[in-house]
Amino acid sequence: MTTSGSTPTGILSVAPEGPVVAIVGRPNVGKSTLFNRLTGTRQAITDDRPGVTRDRIRGAAEWGGHRFTLVDTGGYVPRGDGIEGQVRQQAEKALEESDLVLLVCDAIEGVEAADRDVAHLLRRRGVRCLLVVNKVDHPDPYRYDMGEFFGLGLGDPHPVSGATGRRSGDLLQAIVSEFDEPASPGSDPPPEAVRVVLAGRPNVGKSTLINRLCGERISIVHAEPGTTRDSTDVTVLRGGRRFVLVDTAGIRRRARVHDPVEYFSTLRASHSLERSDVVVVLLDAVEGTTAQDARLMSRVMELGRGMVVAVNKWDLVAGSERADIDAYLDGMRRRHPFLQHYPILTLSAMTGRRAAACLDTSAAVAGRARARVPTPRLNRWLREVTRRLAPGGAGEVRILYAAQTGVSPPSFVLFSNHPDRISPSYRRFVENNLRESIDLVGTPVRIHWRSRRPGRTPERKGAGPG
């Protein structure tokens, strides 16, 4: 058991690839727009209202053969409590980890007191810094007064438009000029990472769990629902395996979402599900499983992603004996029979108890989802299953051949002389037996039934009918 504030044993944070460039500045100067422009993504949510970005958002950028990690931060407010104070702490953490800082100002509003405060902080800390003046959207540079920005004492300003991309290439060149020459190719590539997305309703403890697994405050934790807005990625190492952990905003039904920022937060979270290897669906042990939880789990299975169900806040449930856990999980599987094929964990993100099991179980699920079954083994299984229970039809219906056609999720094709006459109950029987024989716990399975006349095997590339 880990103590509060510590990292589960065996988990180490991994340094990002290449130099780290942090984007800082007061609220609403266009930091997230610039981040999206320089990374060539729409990863960070942008809105005219200040304070939309809260957590540190990481993205990969490349220019002239240089790869570096760009970090977007929330608006820096020198004084403030609550969420504003936590946003400031996130920005300061980004400063500590960065090799270069971009201080972003607003060309239209000019220099404000908050800009001077941030510039003073950067000078005092002696960090390498480039001064970026954003929102230079008009092609005529003389429309903007750059003179006052020299007073910040951070060197020549670099005008740019994050919205239109104007002069973004000049900025990227200035950034990479601060680095050493790019490393020569030939080094061994890092091992393939398992992309694990933490998903669930608002306030079930996703940010607390990712902070626990990383051993540092990656995401802001607050009692206010909807604190997390952007999807936050961080890479960790455990047992020689690399994991990319993704903290997402709480997912609610879109029909109940009216705020544009919350809408895009939910949309980003849904896109994160599509890009995952495994989704850890976090539930609240106190509140139990809700209809929204069931919809989320169904969505994960529809997408063909691996799934681990994690019941968080187990420290708040009275019973902690093995019998209590088994009774709780049995009740969940009775209410939701589809969970028979998926691992369910109980844990406490707050105390760290069993938190690391999320990673170990996700790695096992990802391995099963990517595995290929040799065709001879698959057809030995098929003969055994049909010998145990025939498809029916007084021997008229036969299953002739099986082959695997894909992974993530595992996909198979079964050929029959009359696939249309195979009942749904027999198809479920075949799928359940396939899962037991090959160990496909935690991953959806796709079985496609195809017609084939007896005496013919499926055509293979480069060969005629066999």
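Three strands, β14, β15 and β16, line up in that order in an open sheet with mixed pairing. Strands here are DSSP runs of E with at least two residues, helices are runs of H or I with at least four, and both are numbered from the N terminus. Two strands pair if DSSP finds at least two bridges between them. This is a predicted model, where local features need pLDDT of at least 70, side-chain atom pairs count only at pLDDT 80 or more, and totals for chains, interfaces and linings use all residues. Residues are numbered from 1 along each chain as its sequence is written, and side-chain values use heavy atoms, with hydrogens and water left out.

Strands β15 and β16 run parallel and are joined by six bridges. In this pairing, L414 stands opposite W449 in β16.

Helix α10 (residues 375-388) lies across β14 and β15 and runs at about 140° to β14. Helix α11 (residues 424-438) also packs on the sheet, touching β14, β15 and β16. The direction of α11 makes about 130° with that of β16. Contact means heavy atoms within 4.5 Å. Axes are lines fitted to C-alpha atoms, for helices over the stretch in contact, and angles run from 0 to 180 degrees between N-to-C directions.

Next, the aromatic rings. Rings of Phe, Tyr and Trp (its six-membered ring) pair if their centres lie within 6.5 Å; planes under 30 degrees apart count as stacked, over 60 as edge-to-face and the rest as tilted. The count comes to four aromatic pairs. In one of them, Y401 and F415 have ring centres 6.4 Å apart and planes at 50°, so the pair is tilted. Y401 lies in β14 (residues 399-406) and F415 in β15 (residues 411-416), so the pair ties together parts 14 residues apart in sequence. Both Y401 and F415 are buried, meaning under 20% relative accessible area, with exposed over 50% and partly exposed in between (1.4 Å probe, protein chains only).

Finally, look at the largest nonpolar core, with 26 residues. Such a core is a set of buried Ala, Val, Leu, Ile, Met, Phe, Trp, Tyr and Cys residues joined through side-chain atoms within 4.5 Å. V196, L209, F243, L245, V280 and C358 touch the most other members. Helix α9 gives the most to this core, with five residues.
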